Amino acid sequence: MTINTPHKLILLTFDGAQVLDITGPAQVFASANEALEREAYKITLVSSAGERTATSAGIALETTALSALEPEGAADTLMVAGGHGTRAAVMDNELINWVKRAAEDASRVASVCSGTFILAAAGLLKGRRASTHWQSANALARLYPGVSVDADAIYVEDGPYWTSAGVTAGIDMSLAMVERDHGRELAMTIARRLVVYARRPGYQSQFSTLLRGQSRGSAPVAKAIGWMVDNMKGAVTVTGAADHVGMSERSFHRRFVAETNSTPAKYLERLRLDAARLMLEETSEPLKAVAAEAGFGTAPRLIQVFEKRFGLSPTAYRNLHKNQHIG
């Protein structure tokens, strides 16, 4: 789709917002304007009170007050920042009501990092998938049980609603929006200018399954995960993992689920998917070899699990990543 008239982009901030949640996306869209040599995106930075709004980095931003803009028709794309100030922002009834009304007319509504809480507080994400920073995923799920929280994805698109993980994920999401609006070539051009990875797909994990488990889990769980990685090519069992850390199978299973929000079997599958993705990205090994090395046994089994999790085949994933790196 080519947009010939300025696309009204509202970036909503508040005291204590994370500065890169605002400036990262803003620079992507500003770079689109530069590359196209016209104002494809009319960027407006707004906040409840307007004027100078402090970010968590101590940098103050000049903003327009919400009261100066009628929410109806104010934005084609409404994007909400995140940061520590989100806790106070969700209690700001004027801000939440403005977001709710502006979203009704916007063609696209988005959030960066914990800005997802603001969209959820406005009732916009009920019954939808959404992403946020991994540290906030459990809180989002607890406070807004109607939201299907994807703690892995760097960004999620569900209908007109786009939500992203922390910090630089807002840049990935913004590049995806530019690609949707103006095509892949422009998005790649912007990524080259900004010297960023062009572009990480939304299903890309925020960080590896191994790191997540070992950083969150207790010593026995972390040790068990390490053992799973070392033995993933074989027939890894819950009994074997429990024996390795000196626990009964029942106690180990209960503790593993409590600390990782996943059964050992599902966690092992994610570890194997991580290993398969890495091989697909960095080697030209045939699928049969990838499947064997990652512990899936056969190529058909790898394809089945991979497509179910990521919505594309291992071959399509490999081809996509051949075109992602920029020098």
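**Exercise 1: two helices**

Helices α13 and α14 are roughly perpendicular to each other (angles of 65 to 115 degrees count as such). This is a predicted model, in which local features need pLDDT of at least 70, side-chain atom pairs count only at pLDDT 80 or more, and totals for chains, interfaces and linings use all residues. Residues are numbered from 1 along each chain as its sequence is written, and side-chain values use heavy atoms, with hydrogens and water left out.

Task: find at what angle the axes of α13 and α14 cross, and which residues make the contact.

Step 1. The axes of α13 (residues 287-294) and α14 (residues 299-310) cross at roughly 75° and come within 8 Å. Axes are lines fitted to C-alpha atoms over the stretch in contact, with angles from 0 to 180 degrees between N-to-C directions; helices are DSSP runs (H or I, at least four residues).

Step 2. From α13 come L287, K288, V290 and A291, and from α14 come A299, L302 and I303; contact means heavy atoms within 4.5 Å.

Step 3. By class, 6 of these contact residues are nonpolar, 1 is charged and none is polar (Ala, Val, Leu, Ile, Met, Phe, Trp, Tyr, Cys and Pro are nonpolar, Asp, Glu, Lys and Arg charged, the others, Gly among them, polar).

**Exercise 2: a loop residue**

Task: locate V90 and list what V90 touches beyond four places in sequence.

Step 1. V90 sits in the loop between α2 (86-89) and α3 (93-105).

Step 2. Not counting residues up to four places away, V90 touches I96, F117, I118 and A121.

Step 3. Between V90 and S114, 24 residues apart in sequence, the C-alpha to C-alpha distance is 11 Å.

How values were computed
Angles under 35 degrees count as roughly parallel, over 145 as roughly antiparallel, 65 to 115 as roughly perpendicular and the rest as oblique.
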